[in-house]
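Hi,

Here is the structure I promised to pass on.

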Amino acid sequence: MKFCKAGSMRPRNISLHVPFLLLSIPCFSAMVDVGVMSGAIIFIQEDLKISEVQQEVLVGILSIISLLGSLAGGKTSDAIGRKWTIGLAAVIFQTGGAVMALAPSFKVLMIGRLMAGVGIGFGVMIAPVYIAEISPAIARGSLTSFPEIFINFGILLGYISNYAFSRLPSHINWRIMLGVGLIPSLVIAIALFVIPESPRWLVVQNRIEEARAVLLKINESEKEAEEKLQEIQVAAGSANADKYEPKAVWKEILCPTPPVRRMLITGCGIQCFQQITGIDTTVYYSPTIFKNAGITGNSELLAATVAVGFTKTLFILIAIFLIDKLGRKPLLYASTIGMTVCLFSLSLSLAFLSHAKVGIALAILAVCGNVASFSVGLGPICWVLSSEIFPLRLRAQASALGAVGSRVSSGAISMSFLSVSRAITVAGTFFVFGIVSCCAVAFVHYCVPETRGKTLEEIEVLFKDEDDLQESEVEMGDVERLMQKS
């Protein structure tokens, strides 16, 4: 499948980018909340007089509770469709965000945080799945990374709003900061009436004519749309039903065949490594890191975090341009190796150069380098791989399982960072993250295949051994015969 050549692109292909932009908005709103919380927690502590443990719980619980949304998101999206699951995510998040902004106490603040977490769980799980299912293979990597762009813009906007409102009274500023994240996702109400449903989900529901109509809108020709429809039908088991025995999805995931096991190791493993290398601690606790390096004053701390946000956003834009040109693995190598170097550098600067001018400069440079390396590879490619490596029958639920691993890892790291840092110092904590990042390099080398330019159906073959490939050749022969007949 190809994009139209320059000058020949029809309007229907131009509209293809609309879903990717609109469905990224829940991720944008959610990450505004993440960016905001890194600074808002300073003023929440002053206003509500919460303890350090309460700060850890408030920050980390979002990731832990979001696993409920991720788990429910897979089954929900299979039942009501991909795009309406996004709508549900936006409603739940908006409600939770409003409760947080108006919270008179820590208990009410936690209730809103829990609701927002469930909404985020739905959103981060289903948006990449939808985009992967509707994207052409040649540009799937960059298009599936759209949510990551909005995540980074959201974090940056959160940092900027923290700095902008930091001089207001402490009982008002953090409420305005949290309220900022509610504005963008209002567009979702309009988006749901613009975007099409996933054609692959429609085929699974035996709504073939509706799937054909969507494919006609996003492909260059009627012939190409029909060929893609036949491929999807075979993959879904509706074009050659006698070759697909009905199985419970979770039974196949929990008792996987060797190819599915390899997919789960790759998908869930990359999700966990994305978080256990400590990226969320850098985002949530960057003021704490810079304070430990020697920066004093709330405004100066928040200004330094804005630099981190700009760096993170700039490099995700670079990744979008390179992901379908260089491929997944080269960017993952650059990302994990770069993160390893920066994490060790940050650890050394905090341990031996704390409060010195050169130490402050090195700490800021190391943090910016770490988020830059993350954004150029592990950040966006994690979601791309998780949404494209699983077969259609397992995609939503398996992606949900990977998202759960990501959220649990994120929550565990975020909720323990302050306590662990007190035990082994902030420098020691980032030294441990550096060791984990070394392991991530090895994981990428041994467990992650290159998927650039391949259709979702072709990617399944990458995880099969010789015996499985013989069966795949038979299935591909069925596809070819169906195309010839059409």
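Of the 486 residues in the chain, 60% are buried (buried is under 20% relative accessible area, exposed over 50%, partly exposed in between, with a 1.4 Å probe and protein chains only). Before you go further: this is a predicted model, where local features need pLDDT of at least 70 and side-chain atom pairs count only at pLDDT 80 or more, while totals for chains, interfaces and linings use all residues. Residues are numbered from 1 along each chain as its sequence is written, and side-chain values use heavy atoms, with hydrogens and water left out.

The overall picture: the chain has 24 helices and zero strands (DSSP runs numbered from the N terminus, H or I of at least four residues for helices, E of at least two for strands). Looking at contacts with a separation of 6 or more, 83% are between residues 24 or more positions apart; a contact means heavy atoms within 4.5 Å. The accessible surface is about 18,900 Å², and carbon and sulfur atoms hold 67% of that (Shrake-Rupley, 1.4 Å probe; for residues, only the protein chains shown count as cover).

On that surface there is a nonpolar patch made by Ile80, Trp84, Leu88, Val187, Ile190, Phe193 and Val194, with about 680 Å² of accessible area together. Patch residues have over 30% relative accessible area and no salt bridge, with nonpolar side chains (Val, Leu, Ile, Met, Phe, Trp, Tyr) joined within 5 Å and like charges within 9 Å; a salt bridge is a side-chain nitrogen of Lys or Arg within 4 Å of a carboxyl oxygen of Asp or Glu. Trp84 sits in helix H5 (residues 82-101) and is partly exposed at 38%.

How many disulfides are there? The count is zero, taking a disulfide as a pair of cysteine sulfur atoms within 2.5 Å. Cys272 has its closest cysteine sulfur in Cys268, and that is 6.7 Å away, so too far for a bond. For Cys382 the closest cysteine sulfur is in Cys272, at 8.9 Å, again too far. Cys382 is buried, at 0% relative accessibility, whereas Cys272 is partly exposed at 25%.

Lastly, two loop residues to look at. Asn206 is not a glycine, yet has a positive phi of about 60 degrees; Asn206 lies between helix H11 (199-204) and helix H12 (208-218) and is exposed at 56%. His355, also not a glycine, has a positive phi near 70 degrees. You'll find His355 in the loop between helix H19 (328-352) and helix H20 (357-376), exposed at 57%.

Cheers
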